[in-house]
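Let's take a walk through this model, from its overall layout down to a few individual residues. Have the structure open and follow along.

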Amino acid sequence: MKKITLSSGFSFDYTNIMMDGGVVQQDIEESFERIANAVKASERVRRSGVVDGHLSKDGEPEAVLFPQLPYIEEGNINSPAVLHRLEALGKHAQAEIDAVVSFGIGGSYLGGKVLFDVHCGEFWNSMSAEERNQYPRLYFSGNNVDGDRTEALIDQLCREAQAKGGNYKVMLIVISKSGSTIEPMSNFMVVEQGLREAGIDYEVIAVTDPHEGEKETLLHGLAVEKNWPIFSVPDGVGGRFSVFTEVGLIIGAVTGFAIREFLDGAKSMDEACQTGIVTENPALMNALLKYIAAEKYGRNIEIMMPYGDNLKSLSEWYVQLLAESLGKEQKDGSRYGRTPVVAVGTTDMHAQTQEHQEGRYNKIVSFVRIAKGKSDLGVPHIYDTYSKLAAFSGLPLHTIMNTALEANAEALTSDNRFNCTVELPQLNAFHLGEIMFMYCWAIFYEGQLAGVDAFNQPGVEVYKKLLGPKLAAHKEDK
Ligand SMILES: O=P(O)(O)OC[C@H]1O[C@](O)(CO)[C@@H](O)[C@@H]1O
């Protein structure tokens, strides 16, 4: 068995990548120089925030500061004062706010959504205030520009206001690093207008980078003008790494999620990911095997497949992290990239697994397994006269889910289909911090191995340049 297990119980099992017909020891040995360079680069970024070759959108050298995020220290991005301010906001939300609407897209949405799903689950907004421990309902918006959804959201807020019959207050949290992204800003304006027209009381909080290059960001300027409280998307932390900053933590704070435990988990993972011994460093091993699997064995698609409904957004978060970080030009002018695919077990065993099992040999399936579920609900023995139902009666649902994962992994392995499994002892804030930070480091290491700048995203500017004039033309038509 090939597995890295940390003292927390977190493990990364890569047996089914290094199986017969898979990545071999020699592949790893041939990468020793690259590995040593990647480790050196990781030491450098920790020490000085410098990643060789990384430039900002404006072509200026830019610091990379995600490694310091787990550490709550004076002078750090997450200082004690930052945490206290978030906690105070949480208390304020608990005492005075009925519903929060969080506007954001990409890194300004996906991480917060993971925290929400894991902590609150699907039915949070239907629970009573008491069941929510007085924390507000929470809705996301600005993750698209779909007027139908936004109108339905305003209708929902109006219904809630009416049902409460007075004293109903909404908090609008507008999150955008660049401060002018179309999706969150347009939806924010529409919802704000909707609340005004409905006479619903609201307050606004801005989460943004104060400046982009020399210039103040639009959202920052607007917040100053309107006197809205401002939280920050810090310089040196790209959106897809920002779940460990106020961007993600603010969603945790207003819902009562254990943000300190989350950062603790990240810290514990950070410590594990510092060693240059590949067989002890889960992020480095992840990066290395996936890089070799793509470059030498053509496995350049990654199916991210956690088992559990509340983990679908983890898969979506990972998609941005992988795609935006690594899908780009390499230093030598060639191209790199592994295509990420969102999947959830067991659901997608009935939708995607056919292709994983019998399609092209071009993918890795990355499973995430939660060893112990929160619920111990089991299937009752009420139809045991039907042998097909008796076959699983008496079993906890969680056992059925995890056994399905094992069967899936075994089936894939039987036909040389690469797969690996991250296991968390349970799904809590600490282990969530561990797994999310492990993937941040894995992406860093893979960027180094592949020779790409994992911290820019120049490719997204191309369509943006076309979109501006197209929207302007629509305005002229009017
Ligand atoms: O936080 P912002 O600046 O609104 O950007 C949202 C997302 O859009 C992107 O810039 C891509 O267009 C992502 O990198 C980012 O996470």
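Two residues are in contact, or touch, if their C-beta atoms, placed from the backbone, lie within 7 Å. A word on the ground rules: residues are numbered from 1 along each chain as its sequence is written. This is a predicted model, so local features need pLDDT of at least 70 and side-chain atom pairs count only at pLDDT 80 or more, while totals for chains, interfaces and linings use all residues.

Start with the layout. The protein is split into domain 1 (3–49 + 262–453) and domain 2 (98–253), with bounds that come from an automatic or database domain assignment. The centres of the two domains, taken over C-alpha atoms, sit 30 Å apart. Where they meet, 18 residues of domain 1 are in contact with 16 residues of domain 2. On the domain 1 side, the elements giving two or more residues are α9 (259–272), α11 and α15 (429–450); helices here are DSSP runs (H or I, at least four residues), strands likewise (E, at least two), numbered from the N terminus. Of these, α11 supplies the largest share, eight residues. By class, that side has ten nonpolar, five polar and three charged residues. For the classes, Ala, Val, Leu, Ile, Met, Phe, Trp, Tyr, Cys and Pro count as nonpolar, Asp, Glu, Lys and Arg as charged, and the others, Gly among them, as polar.

What about the inside? The largest nonpolar core has 125 residues, and I173, V207, I250 and L288 have the most contacts inside it. Such a core is a set of buried Ala, Val, Leu, Ile, Met, Phe, Trp, Tyr and Cys residues joined through C-beta atoms within 7 Å. Helix α15 gives the largest share of this core, 16 residues, and the core draws at least three residues from each of domain 1 and domain 2. Take I250: beyond its neighbours within four places in sequence, I250 is in contact with L86, L89, I173, V207 and F231.

Now for the annotated positions. The unreviewed UniProt entry marks E324, H350 and K464 as "active site"; UniProt positions are given in the numbering used here, feature names are shortened, and annotations may be inferred rather than shown by experiment. These three span 141 residues in sequence and the farthest two C-alpha atoms are 36.8 Å apart, so they do not all gather at one spot. E324 lies in helix α11 (residues 312–326) and counts as buried because it has 21 C-beta neighbours inside 10 Å. The cut-offs: buried takes 20 or more other C-beta atoms within 10 Å of a residue's own, exposed 12 or fewer, and partly exposed is in between, with C-beta atoms placed from the backbone. Leaving out residues up to four places away in sequence, E324 touches R240 and Q457. H350, in the loop between β13 (339–342) and α12 (353–358), is exposed, with 9 other C-beta atoms within 10 Å.

Next, the ligand. It is surrounded by 14 residues, the closest being G106, G107, S178, T181 and G239; a residue is near a molecule if its C-beta atom, placed from the backbone, lies within 6 Å of it. That shell divides into three nonpolar, eight polar and three charged residues.

Finally, look at L115 in helix α4 (residues 110–120). L115 is buried, with 27 other C-beta atoms within 10 Å, and, not counting residues up to four places away in sequence, touches G248, I251, G252 and F257.
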